[in-house]
Amino acid sequence: MNRPAITALPTTTPPLLDVRNLVKHYPTRTFWRDSPPVKAVDGVSFSLAEGETLGLVGESGCGKSTAAKTLLRLIEPTSGEIFFAGTDIAKLSPHSFRPYRREMQIVFQDPYASLNPRMRARDIVAEPLRNFGWDNRHGGERVADLFHRVGLNPDALRKYPHEFSGGQRQRLGIARALALNPKLIVCDEPVSALDVSIQAQVINLLEDLQADLGLSYIFVAHDLAVVRHISHRVAVMYLGRIVEIGTAGAIYGDPKHPYTRALLSAVPKIGTNRRSERILLKGDLPSPANPPSGCTFRTRCQQARPECAERSPQLTDNGAQHLVSCHFA
Ligand code: ADP
């Protein structure tokens with residue numbers, strides 16, 4: 001990861017992805033009574049341009065993964081709109097959604113868990129092609145080309161997932177995601193399980209593929225250094241909502257939300273071992289089934305004032321598309 005950080009893309013119209021007020025609540029029931037739902041995603045809105053990477057960061061449990069999977073309808077949204085190339089795919093029937101499915105793919109954190117251990121690598125990559133009607137000859141050529149693109153040797157075609165190293169397995173997962181020539185890839189913690197040196201190789205591969213193929217990425221990760229490196233823009237999530245979103249330069253260089261500042265204070269400054277003064281978050285993440293009133297971050301915020309308990313702050317533009325939801329940012 002020795003390349004310079006990338007700069008924000010100019011906004012394109014219309015965006016590839018335009019997400020409006022996306023909600024995913026999980027109902028919870030015990031034998032005795034209904035409990036409040038888990039508000040895993042609670043009103044998330046953002047857009048993504050073609051060829052752009054949006055990093056999604058936040059502590060574990062803040063709703064990143066649920067939001068990312070809901071975009072692809074691997075998890076059905078409770079409400080909200082997901083415009084993909086101008087069509088609201090959130091409400092399409094499974095049949096009408098199928099053509100969009102090939103345009104939107106996912107790479108998981110743990111390729112070992114997501115790849116069928118009993119299938120050879122070539123069949124893992126060929127499976128989506130077969131599902132969409134490719135014949136064996138063209139499919140075989142496409143698979144060989146994909147292996148080459150992601151840096152896997154032809155002798156890997158016959159191997160099973162357990163015969164690959166962690167980094168190679170992630171390359172295999174990327175090859176499968178690329179098979180149908182998608183426009184969008186959701187990367188859900190794709191390098192979190194890899195050694196640091198391998199992480200850099202996989203990140204560089206994703207960047208090269210983006211440059212060659214014009215892909216858009218939603219990049220979910222808890223490692224803020226990795227997200228900074230690969231993202232044009234970054235969204236910070238807390239308890240199911242985006243609390244700050246802006247260019248990577250704005251988020252890392254001039255964070256406005258107290259939560260973003262606290263997260264960043266734990267990251268060493270690029271090129272040094274220095275951190276800014278560490279801001280400790282009070283207590284644990286509250287339950288998304290019972291979030292605090294008003295500003296949901298207030299119970300852990302060092303700047304909280306009494307009015308924060310009364311009004312929920314809106315995500316508002318502080319200029320240059322840097323949006324923050326804090327009454328006192
Ligand atoms: P992150 O990716 O930021 O770690 P997740 O999206 O995995 O967060 O989870 C957000 C919240 O939703 C967590 O409190 C988690 O326990 C809850 N959650 C996730 N999946 C389910 C589910 N199937 N049923 C109930 N709650 C869930």
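Predicted model: local features only at pLDDT ≥ 70, side-chain atom pairs only at ≥ 80, totals over all residues.

What follows is a short chat about the pockets, the aromatic rings and the ligand.

Visitor: OK, ligand first. Which residues surround the ligand?

Guide: The surrounding residues include the run Glu 59, Ser 60, Gly 61, Cys 62, Gly 63, Lys 64, Ser 65 and Thr 66. Tyr 26, Val 38, Ala 40 and Pro 288 also belong to the set around the ligand.

Visitor: And what does Lys 64 do with its side chain there?

Guide: An N or O atom in the Lys 64 side chain is 2.9 Å from an oxygen atom of the ligand.

Visitor: What about Gly 63, how far is its backbone from a ligand oxygen?

Guide: For Gly 63, a backbone N or O atom lies 3.0 Å from an oxygen atom of the ligand. Ser 65 also uses a backbone N or O atom, at 2.8 Å from a ligand oxygen.

Visitor: Switching to pockets. What's the volume of the largest pocket?

Guide: About 470 Å³. The largest pocket has 25 lining residues, and Gly 43, Ser 45, Ile 242, Gln 314 and Leu 315 lie nearest its centre.

Visitor: Which element gives the largest share of that lining?

Guide: Strand 2 does, with 6 residues. Strand 2 covers 34-48, and strand 10 (241-247) supplies at least two lining residues as well.

Visitor: How does the lining of the largest pocket split by class?

Guide: It has 10 nonpolar, 11 polar and 4 charged residues.

Visitor: And the second largest pocket, what's its volume?

Guide: That one comes to about 360 Å³. Its lining has 18 residues, with Arg 101, Gln 105, Ile 106, Pro 128 and Arg 176 closest to the centre.

Visitor: Which helix gives the most to that lining?

Guide: Helix 6, with 4 residues. Other elements that give two or more include helix 2 (94-101), strand 6 (104-107) and helix 4 (121-131). By class, the lining of the second largest pocket divides into 9 nonpolar, 5 polar and 4 charged.

Visitor: Last topic, rings. How many aromatic pairs are there?

Guide: The count is 4 aromatic pairs. Tyr 238, Tyr 259 and Phe 297 are linked by ring pairs into a cluster.

Visitor: Which charged residues sit over a ring?

Guide: Arg 73 lies over the face of Phe 97, 5.0 Å from the ring centre. Lys 159 has its charged end over the ring of Phe 164, at 5.9 Å from the centre.

How values were computed
Residues numbered from 1 in each chain as written. Heavy atoms only, no water. 1 Å grid on protein atoms, 1.4 Å probe; cavity = no way out; pocket = protein on both sides within 12 Å on 5 of 7 lines; lining within 4 Å. Points joined across faces, edges and corners; volume = space filled by probe spheres on them. Nonpolar A, V, L, I, M, F, W, Y, C, P; charged D, E, K, R; others polar. Phe/Tyr/Trp six-rings, centres within 6.5 Å; stacked < 30°, edge-to-face > 60°. Lys NZ or Arg CZ within 6 Å of the ring centre and 35° of its normal. Near = heavy atom within 4 Å. Polar contact = N/O pair within 3.5 Å; in protein donor to acceptor, adjacent residues only side chain to side chain.
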